[in-house]
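Hi,

Here is the structure I promised you. Have a look at it first, then read my notes below.

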Amino acid sequence: MIVMRKTGEKPIRVAHVIGKWVGGGLEAIVLNYYKYLDRSQVQFDFIVDIGSPRIPREEIEQLGGRIIIVPRYEDVFHYIRELARIFREENYTIVHSHINTMSVFPLCAAWISKVPIRIAHSHSTSNKKEKKKDFIKKCLRPLAKNFATDYFCCSELAGRWLFGNRTYNKGNVYLLRNAIDTGNFRFSQKSRVEKRNELQIKENQILIGHIGRFVTQKNHSFLIKVFQEIHRKNKETILVMVGEGPLLELMKQKVKELQLDEAVIFTGQRCDTNELYSAFDVLLLPSLYEGLPVVGVESQTAGLPCIMSDEITKEIKVLDSTKLLPLSLGAKRWAEEVLDSFVVVKRKDTSQILVENGFDIHCEAHKLEVKYKELLQREKLV
């Protein structure tokens with residue numbers, strides 16, 4: 001039996017450790033859950049690194065949440081000391097950390113502060129091509145469970161990667177999908193026309209889309225090589241890349257060197273991606289690794305054909321039109337698959353299929369609320 005909090009009783013306040021808020025998928029996922037759960041029962045405080053450029057402070061505070069700025073986790077000892085102080089002073093009963101292997105540090109601070117429920121949440125995996133990051137992850141991964149009382153993951157792949165097969169097989173890792181409001185991402189002919197007009201895309205042109213931060217993980221170099229092959233075969237193709245990040249200028253230079261300037265559009269950060277999915281004809285996601293990319297969920301909700309790397313968890317494939325390809329096939333083969341996908345698929349509303357596969361935020365947010373209460377009951381705190 002789950003105990004509901006009485007009217008007038010303060011909600012459970014959960015500290016969510018985010019790291020640096022850069023407007024990426026992880027932050028969107030946590031914020032999404034916050035917006036759709038019952039905030040009279042559960043409230044979030046967002047623990048965010050100093051220097052975060054895209055904190056939606058006004059939105060969070062209007063919903064009753066708080067932003068708490070802390071030192072960067074790279075300054076480990078200062079970071080742990082400050083977090084331990086905050087956890088003690090705020091008297092949290094739950095600390096929920098989203099920074100993968102780095103969660104060992106905030107959860108150590110939570111352990112020092114005697115926080116009874118300490119959640120490590122795995123959102124991704126790793127790849128050898130990110131040499132420095134991969135080395136750090138491998139060093140910290142054995143420590144990931146040390147200070148956690150509970151383990152969460154966004155996909156089976158992410159859960160097994162961080163917590164191990166034995167722990168996952170025993171049922172000790174709670175699967176919380178990267179869910180969305182499917183109603184906001186349905187295919188719309190009206191949005192398709194409006195956004196293609198805005199981007200100056202002709203009716204006969206094929207619009208290939210990518211949404212993601214310009215970081216090594218997203219594999220933009222390979223994406224551009226694939227598009228080069230696509231454009232060589234069909235001049236009526238345009239690539240739109242949405243997002244910002246440290247590699248943006250390097251990718252712009254690469255496009256220029258390949259003389260693809262007139263066929264590639266860099267939009268920067270956008271707040272209308274739900275409408276852009278309707279404008280796209282194909283989505284490309286050749287990531288080196290992911291946990292469960294929310295872009296893949298959103299795009300399939302809009303019935304958009306997707307070509308993704310098979311380094312992404314297989315759970316992302318919901319529609320028959322979605323293909324998971326090895327990066328080792330190379331740019332030419334990927335280009336062929338993209339052009340074939342455009343020819344075969346007719347767009348339609350596929351949102352209900354995503355709901356049936358567990359990606360609806362209304363249902364999943366309620367599950368999270370219930371899970372928090374179960375953990376509190378286990379610790380005899382309600």
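Let's start with H3, which passes H4 in a right-handed crossing. Keep in mind that this is a predicted model. To find the pair, look for residues 76-90, which form helix H3, and residues 104-112, which form helix H4; their axes come within 8 Å and cross at roughly 45°.

Which residues make the contact? From H3 they are Val 76, Tyr 79, Ile 80, Leu 83, Ala 84, Phe 87 and Arg 88, and H4 brings Phe 105, Pro 106, Ala 109, Ala 110 and Ile 112. Sorted by class, the H3 contact with H4 has 11 nonpolar residues, 1 charged residue and no polar ones.

**A helix with two sides**

Now go to helix H10, residues 248-257, where Leu 248, Met 251 and Val 255 are buried. If you look down the axis of H10, its buried residues fall within an arc of 65°, so they line one face of the helix. What covers them? The cover on the buried residues of H10 includes helix H9 (220-233), along with strands S9 (237-242) and S10 (264-268).

Turn to the other side of H10 and you'll find Glu 249, Leu 250, Lys 256 and Glu 257, which are exposed. Finally, H10 is followed by Gln 259, and the phi of Gln 259 is positive, near 60°.

Cheers

Methods
Residues are numbered from 1 along each chain as its sequence is written. This is a predicted model: local features need pLDDT of at least 70, side-chain atom pairs count only at pLDDT 80 or more; totals for chains, interfaces and linings use all residues. Side-chain values use heavy atoms; hydrogens and water are left out. Axes are lines fitted to C-alpha atoms, for helices over the stretch in contact, and angles run from 0 to 180 degrees between N-to-C directions. Helices (H or I, at least four residues) and strands (E, at least two) are DSSP runs, numbered from the N terminus. A crossing is left-handed if the near helix is turned anticlockwise from the far one by less than a right angle, and right-handed if clockwise. Contact means heavy atoms within 4.5 Å. Ala, Val, Leu, Ile, Met, Phe, Trp, Tyr, Cys and Pro count as nonpolar, Asp, Glu, Lys and Arg as charged, and the others, Gly among them, as polar. Buried means under 20% relative accessible area, exposed over 50%, partly exposed in between (1.4 Å probe, protein chains only). The arc is that of the directions from the helix axis to the C-beta atoms.
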